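Subject: The structure, and some notes on it

Hi there,

Here is the structure I promised to pass on to you. Have a look at it first, and then read on for my notes.

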Amino acid sequence: MAGGASQSGMKAALTLIGKRFASSLLTLLLVSVTIFIIAQLLPGDAAQEALGQSATPQQVAALRHEMGLDRPAYVRYASWLTGMVSGDPGQSLVANMPVSDVISERLPNSLLLAALTALVAVPVALAIGIGSAMNRGGRLDRALNVATLSMVAVPEFLVATIAVLIFSVKLRWLPSIAMASQEMGWGDYLRGVAMPILTLSVIVIAQMARMTRAAVIDQMDRPYVEMAVLKGVAPVQVVLRHIMPNAIAPIVNAMALSLSYLLGGAVIVETIFNYPGLASLMVNAVTSRDMPLLQACAMIFCAAYLLLMLIADVTAILANPRLRAQ
Amino acid sequence: MIAHILSQAKALPLSGKLGLALVLFWLAVALFGPMLAPYPVGAFVAYDVFDGQSAAHWLGSDYLGRDVLSRLLSGARYTVGLAAAAAMLASATGTALALTAAVGGAKVDEPLSRFMDMLISIPSKIFSLVLVAAFGSSLPLLLLIAAITYVPGNYRIARALAVNLAQMDYVQVARARGEGRFHIAIAEVLPNMIHPLLADFGLRFVFIVLLLSGLSFLGLGVQPPDADLGSLVRENISGLGEGALAIIAPAVAIATLTVGVNLLIDGLPGRGKRA
Amino acid sequence: MDDMPPFSRRDLIGAGLGLGAGLILPDGALAAAKPRKGGRIRVASLSSSTADTLDPAKGALSTDYVRHYMFYSGLTEMDRHLIPRPALAERIESSDQTVWHIRLRKGVTFHDGADLTAQDVVWSLLRHKDPATGSKMAPIAEQLAQVKAVGSRDVVITLIGPNADLPAILAQSHFLILRAGTKDFRVANGTGPYMCAQFSPGVRTLARRNPNFWKAGKPYLDEIELIGIPDEVSRVNALLSGDVHLVIAVNPRSTKRIMASRGHALLETQSGLYTNLIMQQRQLPTGNPHFVAAMKYLIDRPLIKRALYRGYATIANDQPIPPFHPYYRADLPQRSLDLDKAKWHLQRAGLTGVRMPVYAAPAADGSVDMASILQEYGSRVGLKLAVNRVPADGYWSTHWMKHPLGFGNTNPRPTADLLFSLFYKSDAAWNESGWKNPRFDKLLLEARGEADQARRKQLYGEMQGLVRDHCGVGIPVFISLIDGYDRRLKGLYPVSLGGLMGYQFSEHVWWEG
């Protein structure tokens with residue numbers, strides 16, 4: 001490839017990154033306002049939830065004051081926002097420690113689980129997707145089609161529970177709960193997260209594989225592919241050299257969407273395997289009405305989503321010369 | 001018209017015919033199931049819980065000793081109805097907004113796209129949790145949650161299609177003719193993106209069925225004693241260890257319904273890109 | 001701790017919602033086994049979240065209670081028959097049940113090495129009266145008129161009125177003793193059997209044996225890791241797969257699986273826990289006595305016991321004292337499902353054909369299914385109940401006691417007086433149905449100061465009758481608590497105050513692995 005082309009690609013990517021950064025800030029602001037408004041509609045507040053069934057009005061008033069919940073809503077939002085801008089997500093109302101401490105314990109767990117799942121799921125999905133596309137209409141294609149469809153068709157909590165029954169209760173190969181702790185070795189950790197990875201993979205592999213197949217097939221009908229085939233280029237070469245650069249945009253886009261699910265959508269898997277991740281933390285924040293914590297989680301999920309989308313778009317630009325011009 | 005549909009059905013490949021049969025079967029169950037149910041949905045008719053198959057209870061009894069077949073027949077309409085309605089609502093809204101964005105220029109496109117980014121970046125199950133906690137669980141709310149959750153996905157795809165189409169020569173010609181934006185969107189752009197959107201609709205339908213069952217795991221969902229198929233799986237999950245029919249039956253129901261819809265759509269001719 | 005002197009008879013009045021506990025496992029069964037030292041176990045409790053706390057006053061859930069009993073000790077503690085025994089208090093005495101003298105045990109040290117003093121006790125008790133503490137025991141602590149240190153080892157507690165149950169009250173986890181002035185609850189500094197090695201809310205608590213524990217030879221285990229597994233199926237699977245060794249709150253539907261496993265066993269604890277229907281008395285139509293009667297006749301208690309609890313429950317009679325309680329009144333006729341009577345009462349109330357919402361939530365155990373059962377029978381007598389299932393979070397603050405028809409859930413309390421004062425007295429904050437009965441209130445005060453056991457039982461008996469016949473509360477069953485454990489874990493016995501030996505297993509169990 002010529003140096004000029006790759007340079008223009010870099011330039012296009014950098015412009016895109018710059019533009020996206022600005023609009024991302026706007027999106028994050030929007031999300032925070034939305035979350036704040038919806039949370040105001042929730043019945044009860046952090047003070048009432050903390051005191052629970054046995055709350056007396058005096059206690060609720062005292063605790064509200066201590067948590068700063070007796071200030072008007074806009075004041076609370078403003079003080080949260082100013083804190084956030086200076087990099088301080090505030091104090092968790094319920095856990096009585098800085099939100100950053102609570103998050104820093106869980107975020108690595110979530111990222112690690114998502115990364116490992118992606119490591120397993122992306123190659124498998126690509127292989128299935130490309131394989132069935134190349135075999136379009138053939139026996140392999142139909143078998144894979146039914147397999148991915150059935151994978152998508154089973155509720156994830158059922159997949160997870162069946163996996164636990166087989167691999168930990170019956171066979172005792174894997175632990176049924178995925179405890180993540182610092183003193184754990186990698187071997188123990190991987191054994192612990194094997195089933196969460198399996199469950200999450202089942203969900204996203206099916207989605208990604210189907211989209212990959214569709215994108216590849218879409219390109220296969222184009223004249224340039226026929227030309228290449230007529231010229232006698234080997235099928236594998238056709239896919240890798242000719243089809244993939246053009247199909248990559250929809251594929252990475254779909255993959256980014258699926259991968260963003262691995263963070264926030266993992267709540268059921270986290271619950272069943274008792275994995276201390278970010279999604280169950282956010283559910284916690286909702287049920288205990290812990291606003292600063294809820295906001296912080298929402299910001300992280302939103303930022304992760306935007307980042308994945310950006311990576312997808314940049315990848316598409318760099319991979320496909322035709323897109324660089326746009 | 002009917003002849004046309006019949007000939008279309010005949011033209012379907014085998015898998016498409018199977019899909020069509022499954023879809024028609026579940027539509028029939030959704031419509032007539034409650035009438036066919038041998039027992040009332042909330043009646044405690046079996047002495048034992050997690051009973052196996054018997055003459056009185058074709059699909060055994062559930063975790064409280066209720067008739068699984070009756071609950072399945074009554075519950076299917078929630079899953080089929082909610083998922084179909086929500087998928088249609090999501091697709092219609094997403095596509096309409098996408099068309100607006102495509103013909104409206106950057107001034108409309110930018111804010112709409114940012115708004116969709118915002119919606120999609122909030123994890124859907126947590127979003128549902130918040131809304132149900134705030135407004136209480138009801139059918140219209142579940143419908144709305146499912147629809148809102150899947151609007152952005154449809155919007156992304158429809159917008160990509162529409163933006164491409166808007167650059168096409170015939171659209172430019174129409175523009176030059178001085179046609180209004182509304183006319184261009186409806187008459188020139190929309191008809192050319194129907195097929196890919198239909199494929200998208202099928203996947204959304206599956207996702208919504210799964211979202212609903214995910215919600216039932218979190219304790220949100222249709223109000224008792226009724227239950228959608230996902231809730232039926234969830235409420236009987238403790239019977240999984242003993243292989244109870246009460247959990248296998250609704251799980252198979254979900255699988256056949258979702259696989260059926262997708263086989264049918266896969267079999268439709270002229271499908272395009274999907275996501 | 002049989003070598004310690006129990007309280008004098010006089011102080012034992014009203015002790016214990018007991019007996020049920022002791023019936024299942026006779027004392028002799030334990031005497032044969034000799035505890036072994038060492039071992040490390042993992043225990044899974046019901047729930048764990050960022051709301052987890054090391055502050056005993058804020059304890060809200062079983063996980064909290066277990067954690068607090070590991071790290072802290074109380075002035076008194078309940079034995080398996082629910083008789084309060086001295087703990088950090090060497091003696092606790094009163095001649096008029098109003099002024100109580102407490103003598104502290106000598107040589108008790110906190111985990112940080114400081115000696116336990118009377119100052120610590122005064123501070124630990126009085127903080128419950130400060131609304132800012134957020135104590136769950138604030139309403140009870142109102143009875144403390146004055147708490148005063150006399151020297152370094154003596155404390156005098158003056159109550160606002162006589163209460164013979166103070167030793168039992170002080171044994172609750174909320175009243176465990178802290179070091180005076182404790183502000184930082186990220187670590188625990190108590191006098192309990194274990195020291196806090198790690199505490200991360202919502203993830204886990206790691207407890208290591210306290211070598212300086214004030215009970216010689218105890219505790220037995222080296223280390224306990226306490227985690228929460230909210231999902232019941234996952235919890236049971238974790239036990240069966242060997243990942244945890246003790247779990248609380250096993251669903252009756254899972255008992256079959258645990259019993260089928262050779263390495264595991266169940267610990268059933270009959271308790272006073274109940275989920276109750278609330279019919280608000282301050283408004284119509286739920287305040288109509290005929291409506292209340294109709295609803296009570298609509299409850300199919302054997303079905304609830306069988307279908308919801310698979311037999312792990314005791315049929316109740318619309319009053320909160322369970323049959324295995326010493327004060328239980330046995331001669332009250334048992335109310336049972338009677339559709340004809342329900343129909344008749346409904347007609348008398350003029351409510352046939354009426355449609356009413358009933359609120360239920362997973363927060364009140366079994367309430368959603370109970371509501372479904374009520375709905376089913378209601379439909380047979382012309383009452384249309386619409387079940388409104390609401391999320392568990394926010395239930396207590398937004399729904400509980402706020403609707404004409406709803407559900408509550410009441411945990412076992414150490415004394416009958418506490419139960420009646422908290423939930424049934426006319427002016428009680430949690431008088432769920434809002435019923436008012438002057439006769440009941442008078443009997444309650446009389447019983448609290450009454451020294452004679454027989455007379456006390458008679459007073460409580462009359463109160464049970466009043467609640468059964470007039471209160472707007474329907475109690476279908478008392479729910480048994482079920483724990484599951486690895487058979488290598490020894491020394492477990494039921495204490496009817498709660499699962500996991502009334503949350504106090506940590507100091508009593510040992511491991512034979």
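Below I go through the chains, how they touch, and a few local details.

One thing to keep in mind from the start: this is a predicted model.

**Chains A and C**

Chain A is built from 14 helices and has 0 strands. The C-alpha trace of chain A spans about 85 × 55 × 35 Å along its principal axes.

Chain C has 17 helices and 22 strands. Its C-alpha trace spans about 70 × 55 × 45 Å along the principal axes. How does its radius of gyration sit beside that of a compact globule? For 513 residues a compact globule would be near 24 Å, and chain C has 23 Å, so the two agree.

**A helix pair in chain A**

On the α10(A) side the contact includes A:Pro245, A:Ile248, A:Ala249 and A:Val252; on the α13(A) side, A:Phe301, A:Ala304, A:Tyr305 and A:Leu308 are among the residues involved. What kinds of residue make up this contact? It divides into 16 nonpolar, 4 polar and no charged residues.

**Where chain A meets chain C**

Here 42 residues of chain A are in contact with 35 residues of chain C. On the chain A side, at least two residues each come from α2 (46-51), α3 (57-67), α5 (99-134), α7 (156-170), α11 (267-273) and α12. Of these, α3(A) gives the most, with 5 residues. By type, the chain A side that touches chain C divides into 19 nonpolar, 18 polar and 5 charged residues.

**Where chain B meets chain A**

Between these two chains, 35 residues of chain B are in contact with 43 residues of chain A. The helices of chain B that each supply at least two residues to this side are α4 (106-121), α5 (124-135), α9 (194-217), α10 (229-235) and α11 (245-267). The side of chain B that touches chain A divides into 20 nonpolar, 9 polar and 6 charged residues.

**What the record says about chain B**

An unreviewed UniProt entry lists residues 18-37, 80-106, 126-151, 201-223 and 243-265 of chain B under "transmembrane region". In the model, residues 18-37 of chain B are 95% helix and 0% strand, with the end C-alpha atoms 25 Å apart. Residues 126-151 of chain B are 88% helix and 0% strand, and there the end C-alpha atoms lie 17 Å apart.

**Backbone details**

C:Pro219 sits in the loop between β9 (204-209) and β10 (223-228) of chain C. The peptide bond from C:Leu284 to C:Pro285 is also cis, with omega near 5 degrees, and C:Pro285 is in the loop between β13 (274-279) and α9 (289-297) of chain C.

In chain A, look at A:Arg289, in the loop between α12 (278-287) and α13. Its phi is near 60 degrees, a positive value in a residue other than glycine.

Best wishes

Terms used
Residues are numbered from 1 along each chain as its sequence is written. Chains are lettered from A and ligands numbered from 1 in the order in which they are written. This is a predicted model: local features need pLDDT of at least 70, side-chain atom pairs count only at pLDDT 80 or more; totals for chains, interfaces and linings use all residues. Two residues are in contact if their C-beta atoms, placed from the backbone, lie within 7 Å. Helices (H or I, at least four residues) and strands (E, at least two) are DSSP runs, numbered from the N terminus. Ala, Val, Leu, Ile, Met, Phe, Trp, Tyr, Cys and Pro count as nonpolar, Asp, Glu, Lys and Arg as charged, and the others, Gly among them, as polar. UniProt positions are given in the numbering used here, feature names are shortened, and annotations may be inferred rather than shown by experiment. The radius of gyration is taken over C-alpha atoms; the globule rule is 2.2 Å times the number of residues to the power 0.38.
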